[in-house]
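The stops below are meant to be selected in order.

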Amino acid sequence: MSLRPVVRVVRGMETSDGAGVRLTRMLGTPELPDLDPFLMLDNFKSDSPDDYLAGFPDHPHRGFETVTYMLAGAMEHRDHRGNRGLLGPGSVQWMTAGRGIVHSEMPRQENGLMWGFQLWINLPAKLKMCEPRYQDLAADRIPERSVGAAKVRVIAGRSGDIVGAVQEIYTDPLFLDVALPAGESFEHAVPAGHSAFACAFEGAVSFDGHPWPVQAGQLAVFGDGDAVKATAGEDGGRFILLAAQPIKEPVARYGPFVMNTRQELEQAFADFRSGRF
Ligand code: CO
């Protein structure tokens with residue numbers, strides 16, 4: 001196995017989205033605009049209701065996939081096709097927006113901690129106009145396994161003999177939530193040639209080939225190789241590990257639409273405005 005080195009570490013950018021939800025954008029910033037096929041990663045974490053109660057009222061998407069992974073709190077999803085889902089701690093929603101969806105994502109709590117991630121993953125030209133699809137997975141449907149001392153939740157992709165809960169995604173993603181006790185190490189295969197990153201969200205984690213630990217709230221981008229090795233700091237560490245196959249097509253994006261050309265973006269706006277989603 002050749003271990004993937006860390007080639008960059010970024011801290012993310014404080015911002016707000018939706019109707020004023022405060023969050024930290026880890027990917028999709030001027031510092032790290034994208035990591036093909038990953039377009040965006042937001043980490044929302046607050047125990048102050050003013051930061052999240054306004055939620056994400058009705059808004060459209062076209063041309064890519066949105067993934068929500070909840071760590072704490074509850075969020076309700078509704079869309080214009082009548083789908084409805086409640087996301088609790090540890091659950092995942094993988095939405096393939098395809099040709100178009102108009103949805104809302106609203107908190108279902110009035111106080112307490114709201115914590116999770118939203119990830120955007122691109123679709124290739126041939127699937128941008130596909131029928132929308134949901135994979136809603138409650139926490140108990142996500143397989144967990146031990147890798148040495150590490151506890152691993154397998155959201156997508158393969159970990160040992162375990163196949164992740166989310167399946168049949170074009171970019172063949174690996175999405176793991178890894179919890180490592182203090183001082184313990186973890187090594188995991190990551191397909192060579194796939195883009196890969198880890199975002200620490202508790203404690204600190206040292207990755208091979210990087211001189212200092214990646215702290216909670218930091219994202220590490222990996223260079224190529226076929227495995228990742230992590231060692232937790234003295235307070236332990238927890239991180240999400242993502243990898244996926246690059247699409248290598250032109251990207252034209254504006255707000256909630258991600259297409260290949262400017263003309264397709266204009267068409268997306270026109271279709272949305274005239275109610276053709
Ligand atoms: Co959305």
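Residues are numbered from 1 along each chain as its sequence is written, and side-chain values use heavy atoms, with hydrogens and water left out. The model is predicted: local features need pLDDT of at least 70, side-chain atom pairs count only at pLDDT 80 or more, and totals for chains, interfaces and linings use all residues.

**Stop 1: the cobalt ion**

Select the cobalt ion together with H59, H61, H103 and E105. These residues are its protein donors, through NE2 of each histidine and OE of E105, at 2.1 to 2.7 Å. Donors are N, O and S atoms within 2.8 Å of the metal (3.2 Å for Na, K and Ca); water is not among the atoms, so sites may look incomplete. Along the sequence the donor residues follow the spacing H-x1-H-x41-H-x1-E.

The angles among the 4 donor atoms run from 81 to 177°, and the site is irregular.

Are H103 and E105 buried or exposed? H103 is buried, at 0% relative accessibility, and E105 is buried too, at 6%. Buried means under 20% relative accessible area, exposed over 50%, and partly exposed in between (1.4 Å probe, protein chains only).

**Stop 2**

Helices (H or I, at least four residues) and strands (E, at least two) are DSSP runs, numbered from the N terminus. β5 and β10 (residues 101-107) pair in the antiparallel sense over 4 bridges; two strands pair if DSSP finds at least two bridges between them.

Axes are lines fitted to C-alpha atoms, for helices over the stretch in contact, and angles run from 0 to 180 degrees between N-to-C directions.

**Stop 2: the sheet of 7 strands**

Next select the open sheet with the order β2-β3-β4-β11-β6-β9-β12, again with antiparallel pairing. Its edges are β2 (13-17) and β12 (133-137); each has a single partner strand, so one side of each is left without a neighbour in the sheet. The twist averages 20° from one strand to the next.

Zoom in on β2 and β3, which form a hairpin with 3 residues between them; G18 in the turn has a positive phi of about 65°. The two strands pair over 5 bridges in the antiparallel sense, and D17 stands opposite V21 in β3. On to the next pair: β3 (residues 21-27) meets β4 (residues 38-46) over 3 antiparallel bridges, with L41 in β4 as the bridge partner of L27. Of the 7 residues of β3, 6 are buried.

In the loop between β3 and β4, select P37. The peptide bond joining D36 and P37 is cis, with omega about 10°.

**Stop 3: the largest pocket**

Show the surface. The largest pocket holds about 370 Å³ of space. On a 1 Å grid over the protein atoms alone, a pocket is an open set with protein on both sides within 12 Å along at least five of seven lines, where a cavity is a set of points where a 1.4 Å probe fits but cannot get out; lining residues have an atom within 4 Å of a point. Grid points are joined across faces, edges and corners, and a volume is the space filled by probe spheres set on the points.Of the 20 lining residues, D17, R25, M40, H61 and W120 are the closest to the centre of this pocket. β3, β4, β5 (56-61) and β11 (114-122) each give two or more residues to the lining, and β5 gives the most, with 5 residues.

**Stop 4: two loop residues**

Finish with E168, in the loop between β16 (162-163) and β17 (174-180). E168 is not a glycine, yet its phi is positive, about 55°; it is exposed at 69% relative accessibility. K248, in the loop between β22 (227-244) and β23 (252-254), also has a positive phi, near 60°, and is exposed at 71%.

Key:
Tetrahedral: all angles 85-135°; square planar, octahedral: opposite > 155°, others 65-115°.
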